[in-house]
Amino acid sequence: MTTPCPAATPSGTRAASSGEIRGLTGLRAVAAVWVVLFHFHFTPLPGVAEVVDVLGPLITAGALGVDLFFVLSGFVIAYTYLDKLGPRVRARATARFLWARACRVWPVYLLVLHVFGVWLIARATLGGDEVIAFQSVQPVLDVGQYLQQLVLVQLWDDPRFDGASWVGSTWSISAEWLAYLLFPVAALVLHRMRGLPVVVLACGSSLLMVPMTWAYLATGSPYFPWSWLVRILCGFGAGALAYLAVRKLPRTSTALRTASAIAAVLPIVLAGGLLLGELAGPGRGGAVIVLFPVLVAALAVADRGPAMLLSTPALVYGGRVSYGLYLVHIPLFEVYWLALERYSLLAPHTALAHVVGVQVLLATLGVAALTYRFVEEPSRRGLRALTPAVERLPIRTAVALGILRARPLTLPDVGASSDGALATAAARFAAKRRARAAGWLDEPLPQPRHAASATRPATLAAALVKAQRRRAAHRSELDLWADYERAEYIRGNYLHAGN
């Protein structure tokens, strides 16, 4: 959750060096733990059932943590990339954005996918029944499905996410990847909406949450055909609009106090809504999802209260490892659940089963920290180092298809010159040089045939270049640019012409 633009608040909830909104990073840890506890409550242990009876929807409604992730992603992606992508579609900026997201998403995902894939294949080969995963719909193990899992598109042609992913929880990663691919286009619209009043943006953010809110109120369940698409598009879009509203708010002391008060009250309202909603019917409390954009926006502005708690080093670190936690917890749980079924030593009513269950729950945090330390961060840094090459791919591809070669080069303006022909030639030379630097032209720079040597004085062009390098500091930038282009013209037309 970072942006290269540094920004700081008096509270320190926003890191000055990276622009990271630490309160939102800490909120990621809360959302991840909520999802982990939700999945763990399916463990067939009496102790787990007793805890669930006490906490009720505070645990059983943990699937809402995924929707909280979607809203957070929309907010942070817009915060980080909107100004870079919004003005217009640019191939390099789009490639840079998508590559950055791939560097963040793929390394740990590929590790978990292949390790757990081997586990599923072993169960399918050695197991005595057709159940290979603890999913209501069994995943399909074939080459086609493997390729879909590999490129994170396994969910896109399926109206329901049950059985779509080998690692059950990664359906949401596939959904987020779709949102990332759509964001460069959506950014064009969002960038033009940034001038709307705060009230309009805030209402738009809340309205996007209405479809899922209605689903909870009407049926108590977020699961219906193509519900995953509604959840990602509405949640991600609501987060992006919430960011547009937040960026227009003045950072006055009144605004900070108000945001801090909202951020302090909303967790109580959310918990109360979940508990009271059960009185209206099973799952009805999930309608509190409509408040998620408000919570994220308030925490992004707040400078005290819950924002300070979420900004503590422990929770910020938890937020950074939350992606790994989200990926590894299901494989670890599945191994444990299978052991409960197969070994009498771990019978559900034994103390050992409960002790091992607690250890497995804690082990998810340890494994997530290890993957963050040794896989996620090193891989991300290594892959991000390839960004310049990736940025050139769209241009190289277009050149290979012959698209850009047919485009005329736009001649830039140059400084005034008494010699109009010289200015025009200098402009053409500069345009060609910039085109070559951008990768549009493939021919190498010609080497001068009349360079200076120990027995040969420098030519006029070389002297002009040296003079340009010794230019006076008080000269205008426009004059310096014109002189430089004139020197480049002379170099190209005299040195390379054999003069």
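**Reading helices, patches and salt bridges**

Mentor: We begin with a salt bridge between Arg380 and Glu377, whose closest N and O atoms are 2.9 Å apart. The model is predicted: local features need pLDDT of at least 70 and side-chain atom pairs count only at pLDDT 80 or more, while totals for chains, interfaces and linings use all residues. Residues are numbered from 1 along each chain as its sequence is written, and side-chain values use heavy atoms, with hydrogens and water left out.

Trainee: What is a salt bridge, and how many does a search of the whole structure find?

Mentor: A salt bridge is a side-chain nitrogen of Lys or Arg within 4 Å of a carboxyl oxygen of Asp or Glu. The search of the whole structure finds seven.

Trainee: Why are Arg380 and Glu377 separated by about one helical turn?

Mentor: Helices are DSSP runs (H or I, at least four residues), numbered from the N terminus. Arg380 and Glu377 are separated by about one helical turn because they stand three residues apart in helix α16. Salt bridges with shared partners also join Glu377, Arg380 and Arg381 into one network.

Trainee: Is Glu377 buried or exposed?

Mentor: Buried means under 20% relative accessible area, exposed over 50%, and partly exposed in between (1.4 Å probe, protein chains only). Glu377 has a relative accessible area of 15%, so it is buried; Arg380, at 24%, counts as partly exposed.

Trainee: Which side chain meets that of Arg231 in a salt bridge?

Mentor: That of Asp67 does, at 2.9 Å from N to O. This pair links distant parts of the chain, with Arg231 in helix α10 (residues 227-247) and Asp67 in helix α4 (residues 64-85), 164 residues apart. Arg231 counts as buried because its relative accessibility is 2%, and Asp67 is buried, also with a value of 2%.

Definitions and conventions. Helix = DSSP H or I, 4+ residues; strand = E, 2+ residues; numbered from the N terminus.
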